Amino acid sequence: MTNTSNPVNKTSSHLCHLYNPYIPIMAEIQAIERLTARESLFKIILPEPLNHRPGQFVMAGLPGIGECAISISSGPQSGTLLEMVIRKAGNVTGVLHQLKESDYISIRGPFGSGFYLDDFRRKDIVIIAGGLGLVPLRSLITPIMEHKSDYGMVHLIIGSRTPREALFRQQIQQWKNQADVHIIELVDDTDFQHWDGDIGLVTEPVRQLSIDEKNTLLVLCGPPVMYKFVLLEFKLYFNIPDEQIFIDLERRMRCGLGKCGHCQINHVYCCKEGPVFRYSQLKDLPEALS
Ligand SMILES: Cc1cc2nc3c(=O)[nH]c(=O)nc-3n(C[C@H](O)[C@H](O)[C@H](O)COP(=O)(O)OP(=O)(O)OC[C@H]3O[C@@H](n4cnc5c(N)ncnc54)[C@H](O)[C@@H]3O)c2cc1C
Ligand code: FES
């Protein structure tokens with residue numbers, strides 16, 4: 001698809017307003033980098049900065065095709081550059097994967113609660129990312145790495161199914177060069193590919209961590225099954241208060257605005273009150289973590 005075939009052209013995108021959450025803007029794709037067989041990094045140039053918080057998401061799509069929730073992967077200081085990793089999963093994401101540089105994509109947002117960086121300053125931080133969970137957490141890790149002296153010790157445990165599915169490995173190498181950063185990369189299985197990290201599940205290194213529980217924040221994002229086992233492991237070895245544990249949840253979303261009910265977990269609208277929750281908000285909420 002080219003610029004001219006796009007139903008909304010550049011001129012009309014400038015007439016739209018980023019801050020009307022119902023009206024998508026059309027933004028130009030600057031570059032698309034293939035990361036894995038199913039995931040590509042989309043670099044989008046917005047007409048004005050999103051001013052997002054880490055952990056927020058946008059509704060991305062195409063007129064006449066549809067929209068889907070996609071996490072913002074770039075840090076909050078990225079200006080008019082919006083980075084998203086899109087996995088080819090179905091109808092909308094399949095069409096987005098056919099786009100090329102200079103094509104246009106529709107964007108609404110940013111939506112959701114996200115992380116407040118002020119909560120993290122001067123704290124030690126343990127971040128556990130499983131699979132595509134690294135994508136939204138990258139928007140949190142990036143500003144922490146950019147101003148590392150404002151934060152305490154950072155432990156990152158990053159798990160992928162196989163080496164081929166491991167994301168952002170070059171950037172992870174750069175993060176390793178920072179002071180007081182401890183990174184463990186794991187795969188479930190090497191699948192006969194070269195791998196210089198560890199082998200195992202993200203739960204396995206937890207017991208070896210040396211942390212000051214009172215001053216540590218724990219952040220989790222990954223497949224739903226990961227939460228249960230990581231939390232069990234932490235509860236077994238450490239006593240981090242539930243208010244200091246952040247969980248980035250994923251639910252099906254349509255409006256992103258708390259109107260359609262698609263994302264509801266009982267009385268909670270995941271799109272508005274989440275996708276980032278404190279464990280204290282979720283632990284008594286039926287079906288939130290199952
Ligand atoms: C807050 C949030 C952030 C997200 N961030 C990203 C991201 O950064 N990158 C990314 O690639 N995807 C992300 N997703 C998931 C993405 O929204 C879905 O993959 C997308 O909606 C699929 O749309 P589709 O039309 O391509 O697929 P469909 O044709 O609608 O469905 C294809 C398959 O995916 C399943 N599916 C659809 N939506 C979801 C969902 N939300 N959870 C689980 N299964 C689903 C369907 O049941 C079906 O099996 C996020 C979702 C949420 C709620
Ligand atoms: S996506 Fe519509 S209410 Fe949350």
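## Contacts of F120

Beyond its neighbours within four places in sequence, F120 is in contact with F115, I125, L140, Y151, L217, V219 and F246. These contacts are read from a predicted model.

## Nonpolar cores

F120 belongs to the largest nonpolar core, which comprises 67 residues. Along with F120, the residues with the most contacts inside this core are I128, L156, V219, L220, F234 and I247. Helix α4, spanning residues 134-146, gives the most to this core, contributing seven residues. Apart from it lies another core, made up of 21 residues and including V58, C68, I86 and I105.

In soluble globular proteins, nonpolar side chains tend to be buried together.

## Surroundings of ligand 1

The shell around ligand 1 consists of 19 residues, and the closest are A69, R87, T93, R251 and R252. By class, eleven residues of this shell are nonpolar, four are polar and four are charged. At least two shell residues come from each of β4 (66-71), β5 (81-87) and α2 (91-96). Strand β4 gives the most, with four residues.

## Polar contacts and cover

Backbone atoms of several residues approach ligand 1. A polar backbone atom of V85 is 2.7 Å from a nitrogen atom of the ligand. Oxygen atoms of ligand 1 lie 2.6 Å from a backbone N or O atom of R87 and 2.9 Å from a backbone N or O atom of N91. On its own, ligand 1 has 880 Å² of accessible area, of which the protein covers 71%.

Definitions and conventions
Residues are numbered from 1 along each chain as its sequence is written. Chains are lettered from A and ligands numbered from 1 in the order in which they are written. This is a predicted model: local features need pLDDT of at least 70, side-chain atom pairs count only at pLDDT 80 or more; totals for chains, interfaces and linings use all residues. Side-chain values use heavy atoms; hydrogens and water are left out. A residue is near a molecule or strand if one of its heavy atoms lies within 4 Å of it. A polar contact is a pair of N or O atoms within 3.5 Å; within protein, one must be able to donate a hydrogen and the other to accept it, and residues adjacent in sequence count only if both atoms are side-chain atoms. Accessible areas come from the Shrake-Rupley method with a 1.4 Å probe; for residues, only the protein chains shown count as cover. Ala, Val, Leu, Ile, Met, Phe, Trp, Tyr, Cys and Pro count as nonpolar, Asp, Glu, Lys and Arg as charged, and the others, Gly among them, as polar. A nonpolar core is a set of buried Ala, Val, Leu, Ile, Met, Phe, Trp, Tyr and Cys residues joined through side-chain atoms within 4.5 Å. Buried means under 20% relative accessible area, exposed over 50%, partly exposed in between (1.4 Å probe, protein chains only). Contact means heavy atoms within 4.5 Å.
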